[in-house]
Each structure stands twice: as C-alpha cells, then as structure tokens.
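Please look over the sequence and the structure below before reading on.

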Amino acid sequence: MEQFEHTCVARKRDSTEELGAFLAGSQEPEKFWGTVKENLRNGNVRMLFVADQIPEELKRIVEFLNEQMDPAEVLAVEIKQFAEGSTQALVPKVIGQTSEATARKQVLSGRRWDEPSFFEVLKAGHTGEVGTAKRLLTWFQEYPTVEVRWGRGSTAGSFIPMLFTAGQKNQLCAVWTNGTVELYLQWMVQKPPFSDPEAYEQLRQHAEKLLNKKVTDDMMQKRPNIRLTEVASEASFARLTDFFGWLIGRINQTEEKQ
C-alpha cells in the first residue's frame, strides 16, 4: 500500500482516484487491501517479466521457477512489434506455462496428505509396496538433519524428504501413492553442491549405480522414477538408502565448508 502511494506521488496522481478508477465500484478499498495482504501472506502472486525480447537464459529461469513455486506463478511475456505502413501490431507470447508446471500446480492444489491417508491409498492400489514404503519413510524420519513433509494433491499423495542447509531447501525425492520413488535429479543439479561440475559428475555416477544404467545429461535434467517393487529386496533397498545416505552427506559437507 505504501509503495502504491509512493508511485502515485512520483507520477503526480491522486492515489484515491487511481484506486477508485481501478476498482470501478467492485469493492471497497479496505476490502481490496485486505485481500492483497492475504494473497501476499499465502503466496498467491504472479510475477511477470515483460520485454520485447526474452533471453534464453531468462526463459530457462522462468520455466524452472514456475515449476518449483506453488501457488505463486513466475511468467515472462515477450511482446513482438510488427509494423507495415501506418499499421502496427503487438503480438504477446507467454513463457513459463509449460505442461509440467501446469500439471504440477494442479496436483499441488489439492488436499494436504498425511501418513494415514497416504498408506490407505497406497494399500488400496499397491498392497505389495506398502512395506517398502514404510521402511523408506522410517529410514528418512530417523536420519539426522532430514525433515519429511507431506505433499498436496487431489488424488495423488506423496511424502518428500528434505534438507534445509544454509537457507537452502534441498528436496531429495518424492514417494508417491502410485508406488514409485521420484528422484529429484532435475532440482539437485540446479543448486550447490551439484551445480559444480565435479559434484555433478559424482551425482551422475551414483545415480548410474542406483539405476543400474547409463545416466545421460538429458536424464540429469529430469526426475527418473523407481518402482517400490524394484527396491523391495534387502540388497536393492540397501542400494537405494546408500544413494540417499551419500546424497545427504554430500549436501551437509558443502554446508560445513561454507
């Protein structure tokens, strides 16, 4: 509200008249500012970059942030200008509304899951995978420095083990009610320590050992899935927890050096 007042003063306009023209009688100013405050508190905002040309680097940043953030949106609008004679046309193009971001926000818009509801749905559709999911949940819950959070979704439930280091949120994976473990390689390589080439290569090697196949640069930009049935045996479960143990240790090691 104060920023709005300052902007109006700088433009030599009356703030009351400007807001009244904007609202056009749809609601009272007090109610409007109350809604603004509530939306900011809940993160219901849309951030826009507007230019005649959006650089490729900014496009990738916008798409990445929009896939990460919910309910907030980060978009870019590239407005091309075309003219012929006295005719001028402005053609906007919205950047950031990828199918992945849209699907992710739709999933996250549902209810907040918890342990009972998660295992109720998992048992209904994948009874044989309940035991492995419980073992993995317990492993993360008992691991020092790891915090398990429950996801949001209308029909698909998940739990997400996280590390909070040096003010940075590190999501390790998501375990879903469809009986899969989703490795968050795509997010890991975007931030320290794995944005460093040497650590990136270490992560790739450990991912190859876990997945038992070659992991390309393209795969490192994605989130490969492992079925819980594939890690049900003692040996395969140990291979999975060894991967996460190394991952957690590598992230914590970076924080200690800072």
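The sections below take up a helix, one of its residues, the nonpolar cores and some backbone features.

## A predicted model and its helix α7

Helix α7 consists of 12 residues and spans 16 Å from its first C-alpha to its last, which is close to the 16 Å expected at 1.5 Å a residue.

Within α7, the buried residues are Val130, Thr132, Ala133, Leu136, Leu137 and Phe140. They cover an arc of only 165° around the axis, and therefore they lie on the same side of α7. In general, an α-helix has 3.6 residues a turn, so residues three or four places apart point the same way.

## Arg135 in α7

Arg135 belongs to helix α7, which runs over residues 130-141, and this residue counts as partly exposed because its relative accessibility is 33%, between the limits of 20% and 50%. When residues up to four places away in sequence are left out, Arg135 touches Ala232, Glu234 and Phe237.

Pro29, by contrast, is 106 residues from Arg135 in sequence, and the two are 54 Å apart in space, C-alpha to C-alpha.

## The nonpolar cores

The largest nonpolar core holds 47 residues, and those with the most contacts inside it are Phe140, Leu183, Leu203, Phe244 and Leu247. Helix α11, residues 234-257, supplies the largest share of this core, with 7 residues.

## Backbone features in the loops

Most residues other than glycine have a negative phi, and most peptide bonds are trans. Thr145, in the loop between α7 and β5 (146-150), has a positive phi near 80° although Thr145 is not a glycine.

Asn212 likewise has a positive phi, of about 60°, without being a glycine, and its place is in the loop between α9 and α10 (217-220). Because its relative accessibility is 67%, which is over 50%, Asn212 counts as exposed. The peptide bond from Pro192 to Pro193 is cis, with omega near 5°, and Pro193 is found in the loop between α8 (185-188) and α9 (197-211).

Definitions and conventions:
Residues are numbered from 1 along each chain as its sequence is written. This is a predicted model: local features need pLDDT of at least 70, side-chain atom pairs count only at pLDDT 80 or more; totals for chains, interfaces and linings use all residues. Side-chain values use heavy atoms; hydrogens and water are left out. Helices (H or I, at least four residues) and strands (E, at least two) are DSSP runs, numbered from the N terminus. Buried means under 20% relative accessible area, exposed over 50%, partly exposed in between (1.4 Å probe, protein chains only). Contact means heavy atoms within 4.5 Å. The expected span of a helix is 1.5 Å times one less than its number of residues. The arc is that of the directions from the helix axis to the C-beta atoms. A nonpolar core is a set of buried Ala, Val, Leu, Ile, Met, Phe, Trp, Tyr and Cys residues joined through side-chain atoms within 4.5 Å.
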